[in-house]
Amino acid sequence: MPWAVLLADGETVARYRAHVLQRGPDECWWWTGGLTDTAHGTFRAASLPGRTRRGTVPAHLFGYRLANGPDSLPAGLVVRHTCDEPPCQNPAHWLAGTRGDNNRDAASRRRLAGHALADVRGAVGRARAVQAAIAAARPEDLDTAIAAALAAGNPSGAHQDALF
């Protein structure tokens, strides 16, 4: 199914947005739907015939194209997360680049103390902990719950800021 058709369907867009916890403009917008084993959101954008999961796309890819247009990601490029949080859906945290760019980003920040990539639970454990915190928290306690879930993956309490 072409991207332009998916992105023009109001019901599909509404289903996508229903799984995004939108927060402040500089904060991560957490994906509350299904996750891949790499912690990226997974979104069933279309139901296509057959037994496979055809029609399921990475949530951040759907969101990137929703924010920037159906033809905004040339072949060979990927959507990079400047926040290093795979389930993040904040368009301000996305940057197009090559897979090599993405791998170099991760390698340069993987060992930073307190950084998302250094979480002892791994990316999917971190994402699931945040999702559980969101599900259990009262709306007025969301920020505190998310912060506690993130901090739990950094038992030392040390923190080093990201490079960008």
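This is a predicted model: local features need pLDDT of at least 70, side-chain atom pairs count only at pLDDT 80 or more; totals for chains, interfaces and linings use all residues.

Me: Is His-93 buried or exposed?
Reply: His-93 is buried, because its relative accessible area is 9% and the cut-off for buried is under 20%.

Me: What is His-93 in contact with, leaving aside its neighbours within four places in sequence?
Reply: With those neighbours set aside, His-93 is in contact with Asp-26, Glu-27, Cys-28, Arg-80, His-81, Thr-82, Cys-83 and Cys-88.

Me: Arg-80 and His-81 sit in E5, then. Which residues cover the two faces of that strand?
Reply: Both faces of E5 are covered. Val-78 and Arg-80 lie on one side, Val-79 and His-81 on the other, and all of them are buried.

Me: And in what sense do E5 and E6 pair?
Reply: E5 and E6 pair in the antiparallel sense, over four bridges. If you'd like a spot to look at, Val-79 stands opposite Ala-96 in E6.

Me: Let me zoom out. How many helices and strands are there in the protein chain?
Reply: The secondary structure of the protein chain comes to six helices and six strands. Along the sequence, the pattern reads α-α-β-β-β-β-α-β-β-α-α-α.

Me: How much of the protein chain counts as buried?
Reply: The protein chain has 164 residues, and 40% of them count as buried. The chain exposes about 8,900 Å², with carbon and sulfur atoms supplying 55% of that area.

Me: What about contacts between residues that are at least 24 apart in sequence?
Reply: Taking contacts in the protein chain between residues at least 6 apart in sequence, 54% join residues at least 24 apart.

Me: New topic: helices. Where is Ala-59?
Reply: Ala-59 is in helix H3, which covers residues 59-68. Ala-59 is buried, since its relative accessible area is 0%.

Me: How many residues of H3 are buried?
Reply: Seven of the 10 residues of H3 are buried, so this helix is largely enclosed by the rest of the structure. The buried ones are Ala-59, His-60, Leu-61, Phe-62, Gly-63, Tyr-64 and Arg-65.

Me: At what angle do H2 and H3 pack?
Reply: Helix H2, residues 10-18, and H3 pack at an angle of about 120°, with their axes 11 Å apart. That angle makes H2 oblique to H3. Thr-12, Val-13, Tyr-16 and Arg-17 of H2 make the contact with Ala-59, Phe-62, Gly-63 and Leu-66 of H3. H2 passes H3 in a left-handed crossing.

Me: And how do the axes of H5 and H6 cross?
Reply: The axes of helix H5, residues 122-136, and helix H6, residues 142-151, cross at roughly 155° and come within 9 Å. The two helices are therefore roughly antiparallel to each other, and H5 passes H6 in a right-handed crossing.

Me: Which residues meet there?
Reply: From H5 there are Arg-126, Ala-129, Val-130, Ala-133 and Ile-134, which meet Leu-142, Ala-145, Ile-146, Ala-149 and Leu-150 in H6.

Me: One last topic, the backbone. Which residue just after H3 takes a positive phi?
Reply: That's Gly-69, with a positive phi of about 110°.

Me: Which residue has a positive phi of about 80° although it is not a glycine?
Reply: That one is Ala-39. Most residues other than glycine have a negative phi. Ala-39 is in the loop between strand E2, residues 30-31, and strand E3, residues 42-44, and it counts as buried because its relative accessibility is 0%.

Me: And what is the phi of Asp-84?
Reply: Asp-84 has a positive phi of about 60°, and it is not a glycine either. Its place is in the loop between E5 and E6. Asp-84 counts as buried, because its relative accessibility is 11%.

How values were computed. Residues are numbered from 1 along each chain as its sequence is written. Side-chain values use heavy atoms; hydrogens and water are left out. Buried means under 20% relative accessible area, exposed over 50%, partly exposed in between (1.4 Å probe, protein chains only). Contact means heavy atoms within 4.5 Å. Two strands pair if DSSP finds at least two bridges between them. Accessible areas come from the Shrake-Rupley method with a 1.4 Å probe; for residues, only the protein chains shown count as cover. Axes are lines fitted to C-alpha atoms, for helices over the stretch in contact, and angles run from 0 to 180 degrees between N-to-C directions. Angles under 35 degrees count as roughly parallel, over 145 as roughly antiparallel, 65 to 115 as roughly perpendicular and the rest as oblique. A crossing is left-handed if the near helix is turned anticlockwise from the far one by less than a right angle, and right-handed if clockwise.
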